[in-house]
Amino acid sequence: MFTKKHYTALPSWAEAKQVEGKGHGLFTNTDIAAGSYLGITHLALGPEQSKAMKRNYVRTPLGGFINHSETPNCALLRHPESGKEELGWVTHMWAIIPIKKGTELTCFYTDGYEDIIDNFGGPRSLSSLWR
């Protein structure tokens, strides 16, 4: 039996459920405020790791279950920003609107909408968080 000291793949606020036509999706079991930090979804790999894995990233459990939407309730932001790649890339997920308990968390898979994040309470840039 698992206890609080044991590792769990998903945060306590999240659960994976079947989604018709999409396999599984990531759902919240609590209300989430706009602008809330939700966690790391992807980690970029270096050249040697990429060669061995035959891809240039790995997904965390959050990244593995989140589905695409044209009207997302979450945003994915990478850190560090351009010019600071020597540390590798980490992709973080933020709620961009209030999300009600039982709702599927979704994101827009394509980069290029970071400019709207300020309007929803999330950070426009992650650089200030690591200064």
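Where in the chain does Lys-54 lie? Lys-54 is found in the loop between α1 (47–53) and β4. In this predicted model, the phi angle of Lys-54 is near 60°, a positive value in a residue other than glycine. Most residues other than glycine have a negative phi. Lys-54 also counts as exposed, because its relative accessibility is 75%.

Read from the N terminus, the elements follow the order β-β-β-α-β-α-β-β-β-β. The chain has 131 residues, and 36% of them count as buried. When contacts between residues at least 6 apart in sequence are considered, 62% join residues at least 24 apart.

The chain has a mean pLDDT of 78, with 72% of its residues at 70 or more. Across residues 117–123 the pLDDT is below 50, and this stretch has 16 contacts in the model beyond near neighbours in sequence. Residues 126–131 likewise have a pLDDT under 50, and the model gives them ten contacts beyond four places in sequence. The details that follow concern other parts of the chain.

Four of the strands make up an open sheet, in the order β4-β3-β7-β6, and their pairing is antiparallel. The edges are taken by β4 (57–59) and β6; each has a single partner strand, so one side of each has no neighbour in the sheet. From one strand to the next, the twist averages 30°. Strands of a sheet pair through backbone hydrogen bonds, either parallel or antiparallel.

Within this sheet, β3 (residues 37–44) pairs with β7 (residues 90–95) over five bridges, in the antiparallel sense. One position in this part of the sheet is His-42, which stands opposite Thr-91 in β7. Strands β6 and β7 also run antiparallel, and six bridges join them. Here Cys-74 has Ala-95 of β7 as its bridge partner.

How much of β7 is buried? Five of its six residues are, so the strand is largely enclosed by the rest of the structure. His-92 has its place in β7, and this histidine counts as buried because its relative accessibility is 4%. The side chain of His-92 makes a polar contact of 2.7 Å with the side chain of Tyr-37.

A disulfide is a covalent bond between the sulfur atoms of two cysteines. How many disulfides does the structure hold? The count is zero. Cys-74 is in no disulfide, and the nearest cysteine sulfur to its own belongs to Cys-107, 7.4 Å away. Seen from Cys-107, the closest cysteine sulfur is that of Cys-74, and the separation of 7.4 Å is too far for a bond. The cut-off used for a disulfide is a pair of sulfur atoms within 2.5 Å.

Are these two cysteines buried or exposed? Cys-74 counts as buried because its relative accessibility is 0%. Cys-107 also has a relative accessibility of 0% and therefore counts as buried.

Glu-70 belongs to the loop between β5 (67–68) and β6 (74–79). Glu-70 counts as exposed because its relative accessibility is 62%, whereas Cys-107, at 0%, counts as buried. The side chain of Glu-70 is also joined to that of His-68 by a polar contact of 3.1 Å.

Methods. Residues are numbered from 1 along each chain as its sequence is written. This is a predicted model: local features need pLDDT of at least 70, side-chain atom pairs count only at pLDDT 80 or more; totals for chains, interfaces and linings use all residues. Side-chain values use heavy atoms; hydrogens and water are left out. Helices (H or I, at least four residues) and strands (E, at least two) are DSSP runs, numbered from the N terminus. Buried means under 20% relative accessible area, exposed over 50%, partly exposed in between (1.4 Å probe, protein chains only). A polar contact is a pair of N or O atoms within 3.5 Å; within protein, one must be able to donate a hydrogen and the other to accept it, and residues adjacent in sequence count only if both atoms are side-chain atoms. pLDDT is the predictor's confidence in each residue, from 0 to 100. Contact means heavy atoms within 4.5 Å. Two strands pair if DSSP finds at least two bridges between them. Axes are lines fitted to C-alpha atoms, for helices over the stretch in contact, and angles run from 0 to 180 degrees between N-to-C directions.
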